[in-house]
There are 2 protein chains.
Amino acid sequence: MLDDVRPDVPVRTPTSRVRKRHEATRAEILAAAWSLVRAHGLAALTLRDVAREVGMRAPSLYSYFPSKNAIYDAMYVQGCREFVEYYEQIPVTDDALTDLRAGMHAFVRFCTDDPARYQLLFQRTLPGFEPTPDSFSWAVRGLDLLRRRLSVHGYDEDVLDLLTAIGTGLADQQISNDPGGDRWIRLIDDAMTMFHNHVSR
Amino acid sequence: MLDDVRPDVPVRTPTSRVRKRHEATRAEILAAAWSLVRAHGLAALTLRDVAREVGMRAPSLYSYFPSKNAIYDAMYVQGCREFVEYYEQIPVTDDALTDLRAGMHAFVRFCTDDPARYQLLFQRTLPGFEPTPDSFSWAVRGLDLLRRRLSVHGYDEDVLDLLTAIGTGLADQQISNDPGGDRWIRLIDDAMTMFHNHVSR
DNA sequence: GTCTATATTTGGATAGAC
DNA sequence: GTCTATCCAAATATAGAC
C-alpha cells in the first residue's frame, strides 16, 4: 500500500493537532454536563441541554460520545480521578488521630462540594446507568488508595468498614438535611476521636 | 332540595360500602406499585405497568389518584407509617446500650428490607417528586419518635446527630456494597458499644 | 368506573445534505 | 463535524363513549 511509505502518519489517523482539538471539545462538553447536573440534578440531564450549553445541536454530540450513558460514564471517571487527586494531596503524619481527622474532613468536603458528583459516584441511583468495567476500575483504585492510607496505622478490614460507614453517614446527613451548612461537618473531629479511642482499646 | 330529605345519606355522598370498595382498590394499586418498584427500581415505575399489574388500563388509575406523583406521595406516607410501626414495637429497657443496639438493628433492618422504600423515604433522589407538606409531617413524626426513644437516656442534640449519621452510614453501605449480606449489619453491636462508651465519658 | 382513542411532551438516536 | 429533518419510543394526562 502507498500509505506504508509514511508509517508514522498513516492515512485516517488524525494529526496530533486535530486530536487535541477533539479532546478539547470533549472536555468542554463534559464541563457543560457537570454545570447542568449541578444546577438541575443528575437525572435531569438531556442531550439537548448539553448541546445548547456548548453552542451545538444535539446530534453533533454524537461525534464526541456514542450515547448519553457514555457521557455519564466519562463523568464517572472524571469524578473518580478527582477523588484520587483530593486524597493524594493529604499529608500523612505519624499520628493516627490527626490522619483520621484530616482524611474524614477531606472525604466529607469532597462529597458536599458537589452533591451531584456524590450521587453519581456513591449513590448510584441513576435510572439506566452503571459504569463500564473499565470505568469502575477507577473507583476501585480510589477505594484502594483510601484503604492504603488508613491501613498505614494498622487497621483491619472490619474497622475500615466501620470507618467508611461513619464517613458516608456524615456526608449523607450533611447533604440531605443541612445542605450548605456544617451541622454534621462540625461533628467530624469528635467522631474521629470516638473511632480512634474505640479501635485503640 | 329533595336530597335533604335523607340527610344521613345525601345524594353524591358515596355509601360506606362504595367508599370501602374504593379504598380497597386504592390499596391494591399501592401494593402493585410497591411490588414494581421493588422489582425494577423506584424511578422505573410507570402508570401502564401499575395498571397492568392490577388488571386495569392506565387511564383508569386516575379515578383513584390524580397523578403519578400522588401515587408516590401515598407510598411515602405508607413508608413513614411502617417506620413508626417498626419502632413502636421495640421494647424500652433501663439499659442504654441494649436500647441503642436494638434500635439500630431495627433501623438498619427497616432500610435493608426494602431498598426502594429506603430510597423513597431517605435518599429523595426521585426526579420530579417531593412529598406534600402533609405527607412530610408523617416523616417528622417518625423522626420525633426516634429522638424521643433515644433522649430517654439523656442524649443531647449533637449526640443524636452523630447517631443518625452512624445509622444512615451503616444502612447505606450495607445496601450499596453488600446487598443481601451482613457485612455492615454485623458491625452494629460493636458500633453501638463505641458510641455508648464515647457519650458516657 | 372503565374503556378506547388521542393529545402532548419529551428525549434519545439516526439519515443524509453540506 | 455540524447541521436540519425526522424517527421512534415512552409516558403522563385528557376527552368522551358506554
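I count Ala, Val, Leu, Ile, Met, Phe, Trp, Tyr, Cys and Pro as nonpolar, Asp, Glu, Lys and Arg as charged, and the others, Gly among them, as polar.

**Entry 1: ground rules.** The model is predicted, and I note that local features need pLDDT of at least 70, that side-chain atom pairs count only at pLDDT 80 or more, and that totals for chains, interfaces and linings use all residues. Residues are numbered from 1 along each chain as its sequence is written, chains are lettered from A and ligands numbered from 1 in the order in which they are written, and side-chain values use heavy atoms, with hydrogens and water left out.

**Entry 2: DNA strand D.** I looked up the residues near this strand, where near means that one heavy atom of the residue lies within 4 Å of it. By class, the surface near DNA strand D has seven nonpolar, six polar and three charged residues. Of the atoms of DNA strand D within 4 Å of the protein, 69% belong to sugar and phosphate.

I then looked up distances to phosphate oxygens of DNA strand D. For a polar side-chain atom of Ser60(A) I read 2.6 Å. For an N or O atom in the side chain of Lys68(B) I read 2.9 Å. For a polar side-chain atom of His22(A) I read 3.4 Å.

**Entry 3: chain A against chain B.** Each side was looked up by contact, meaning heavy atoms within 4.5 Å. Chain A gives 30 residues and chain B gives 30 residues. The size of an interface is often given as the accessible area lost when the parts come together. Here chain A and chain B bury about 2,400 Å² between them, with 56% of it on carbon and sulfur atoms; buried area is the accessible area (1.4 Å probe) that two parts lose on being put together, summed over both.

I found two salt bridges between chain A and chain B, a salt bridge being a side-chain nitrogen of Lys or Arg within 4 Å of a carboxyl oxygen of Asp or Glu. Arg183(A) and Asp161(B) form a salt bridge through their side chains, at 2.7 Å from N to O.

Helix 5 (115-123), helix 7 (157-177) and helix 8 (188-199) of chain A each supply at least two residues of the side that touches chain B; helices are DSSP runs (H or I, at least four residues), numbered from the N terminus. Helix 7 of chain A gives the largest share of that side, 13 residues. By class, the side of chain A that touches chain B has 12 nonpolar, 10 polar and eight charged residues.

Terms used. A polar contact is a pair of N or O atoms within 3.5 Å; within protein, one must be able to donate a hydrogen and the other to accept it, and residues adjacent in sequence count only if both atoms are side-chain atoms.
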